[in-house]
Amino acid sequence: MHTQPDERRVVVVGGGVVGCAAAFELARAGYDVTLLERDAIAAHASGKSAGNLNPLIGTSPPQLRFAREAFALHREIAAALQAAGCADYGLAPVKRVHLGREAADRPELEQLAAACNAGNGFSSHWLDRAALQRIEPRLAQDIAFGVLTEGSFSVSSADFTRALARGAARHGAKLVIALVTGIVTRNDRAVIVETNSGAIACDELVLATGPWVAATRDWLGIEIAVAPVKGQMLRLLLPGGAPEYDFTWQSTSLYKRQAEEVWAGGTLEHCGFDTTATAEARTALLDRAARIMPMVAQAQVLEHTAALRPMSVAGGVLAGAAPGWKNVYLANGGGAKGVLLSVAIARQLRNLLHAGPGEPAPIPPPDAWSLDAAPLSRL
Ligand SMILES: Cc1cc2nc3c(=O)[nH]c(=O)nc-3n(C[C@H](O)[C@H](O)[C@H](O)COP(=O)(O)OP(=O)(O)OC[C@H]3O[C@@H](n4cnc5c(N)ncnc54)[C@H](O)[C@@H]3O)c2cc1C
């Protein structure tokens with residue numbers, strides 16, 4: 001039987017969006033939370049993401065239900081952050097147009113339009129060339145059709161991550177900048193977290209270290225099948241200002257962000273832990289974005305970012321107990337959707353830690369969790 005939540009000391013390792021969401025959920029549930037981050041809150045992918053909260057685009061079928069739950073949870077989290085005075089993270093509705101040039105582009109767009117019209121709060125409308133030119137005259141002339149989708153949201157992922165951390169702190173969590181170097185264990189439990197600035201006792205341990213999972217193998221003998229996938233993006237200032245809509249053509253998107261800015265993204269690169277922002281990616285992103293809006297050729301590049309998505313090898317998220325350990329939990333594998341999924345991963349952990357009477361029914365675990373169970377077995 002669990003002790004009362006407020007008696008348990010929970011250490012969360014990782015100040016990305018997943019660790020911060022976990023810290024926020026657990027702190028406001030009454031746990032004694034310490035969040036450990038080696039660099040800065042949102043220093044990595046969580047501060048360099050496009051911040052789309054869209055459960056329908058780019059979500060694999062097994063993850064769809066979890067992604068929808070996450071999307072719905074963002075409203076509740078927004079209200080909770082507002083109540084904590086931490087609401088300023090640019091949560092805004094998105095109008096996004098998926099563009100096509102030729103017949104081969106149609107099937108994917110038709111599938112997307114059908115998914116959006118399935119009565120789940122999203123909607124879609126087909127636009128012909130003339131309608132597209134009316135909503136954005138700077139679009140390339142050879143774009144023939146598009147699907148306007150509405151219903152999703154976006155956030156500034158850096159601000160969202162920091163808002164979660166601040167919200168956790170308002171609920172009593174301690175935020176500590178420290179590198180975790182090891183774990184002391186006793187009888188299948190983690191009892192002490194060792195850092196470069198001292199040791200911290202814990203009753204529960206949440207590991208949300210993003211792609212940096214190799215250390216977990218040494219600490220706990222668990223192989224976590226999560227790999228880094230690099231993503232580069234460009235922050236641009238377009239002549240004439242940002243468009244009113246987001247635009248996507250094949251794998252390239254132009255996102256309206258932060259008043260005047262447009263972000264062009266992104267790449268998907270399997271190159272280990274290299275986070276170099278490369279000239280090749282810059283050229284490719286600009287070239288492809290100019291196929292959407294030729295004026296991109298005259299845009300001012302404000303920033304070129306590169307970061308590592310923590311991509312689960314099996315394709316699902318990790319949001320559960322670490323195999324073979326009684327008080328260690330894994331919160332990882334957000335991949336290309338980690339900002340969206342962070343709040344559901346955090347809720348899943350809260351439900352696991354605190355399955356008391358009268359609690360809301362837990363979110364069903366992501367279907368892909370079982371796929372990850374095999375590589376997760378304790379060594
Ligand atoms: C270009 C790009 C675009 C994206 N667009 C979207 C999008 O539109 N929508 C969406 O939902 N997602 C998007 N993502 C994905 C999303 O950004 C990630 O899935 C998410 O940020 C991962 O969060 P995380 O907390 O798991 O990992 P991270 O942000 O990597 O955080 C992990 C943290 O753990 C810390 N850490 C690791 N080891 C230790 C240690 N030993 N001690 C202390 N601290 C440690 C690290 O310093 C790091 O801060 C995008 C990603 C990229 C790169």
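This note walks through the ligand site and a few residues elsewhere in a predicted model.

1. Ground rules. Local features need pLDDT of at least 70 in this predicted model, side-chain atom pairs count only at pLDDT 80 or more, and totals for chains, interfaces and linings use all residues. Numbering starts from 1 along each chain as its sequence is written, and side-chain values use heavy atoms, with hydrogens and water left out.

2. The shell around the ligand. The ligand is surrounded by 38 residues. A residue is near a molecule if one of its heavy atoms lies within 4 Å of it. The closest are Glu-37, Arg-38, Ser-46, Gly-335 and Leu-340. By class, the shell holds 18 nonpolar, 14 polar and 6 charged residues. Here Ala, Val, Leu, Ile, Met, Phe, Trp, Tyr, Cys and Pro count as nonpolar; Asp, Glu, Lys and Arg count as charged; the others, Gly among them, count as polar.

3. The side chain of Ser-46 places an N or O atom 2.5 Å from an oxygen atom of the ligand. At Gly-335, a backbone N or O atom lies 2.6 Å from a ligand oxygen atom. A polar backbone atom of Ala-336 is 3.1 Å from a nitrogen atom of the ligand. Taken alone, the ligand exposes 1,000 Å², and the protein buries 96% of that (Shrake-Rupley method, 1.4 Å probe).

4. Where the shell comes from. The elements giving two or more residues to it are α1 (17-28), β12 (226-237), β16 (300-312) and α8 (338-353). Helices (H or I, at least four residues) and strands (E, at least two) are DSSP runs, numbered from the N terminus. The ligand lies between domain 1 (5-86 + 157-225 + 314-373) and domain 2 (94-151 + 228-312), because both give residues to the shell. The domain bounds come from an automatic or database domain assignment.

5. Strand β2. This strand (residues 32-37) is largely enclosed by the rest of the structure, because 5 of its 6 residues are buried. Buried means under 20% relative accessible area, with a 1.4 Å probe and protein chains only. Strands β1 (residues 9-13) and β2 run parallel, joined by 5 bridges. Val-11 has Thr-34 of β2 as its bridge partner.

6. Glu-136. This residue sits in the loop between α4 (129-135) and β6 (145-154). Glu-136 is buried, at 5% relative accessible area. Its side chain makes a polar contact of 2.8 Å with that of Arg-138 (N or O atoms within 3.5 Å, one able to donate a hydrogen and the other to accept it).

7. Phe-247. Strand β13 (residues 246-249) contains Phe-247. Phe-247 is buried, with a relative accessible area of 0%. Its C-alpha atom is 9.2 Å from that of Met-293, 46 residues apart along the chain.

Notes:
Buried < 20%, exposed > 50% of the residue type's maximum accessible area, 1.4 Å probe, protein only. Pairing = 2+ DSSP bridges.
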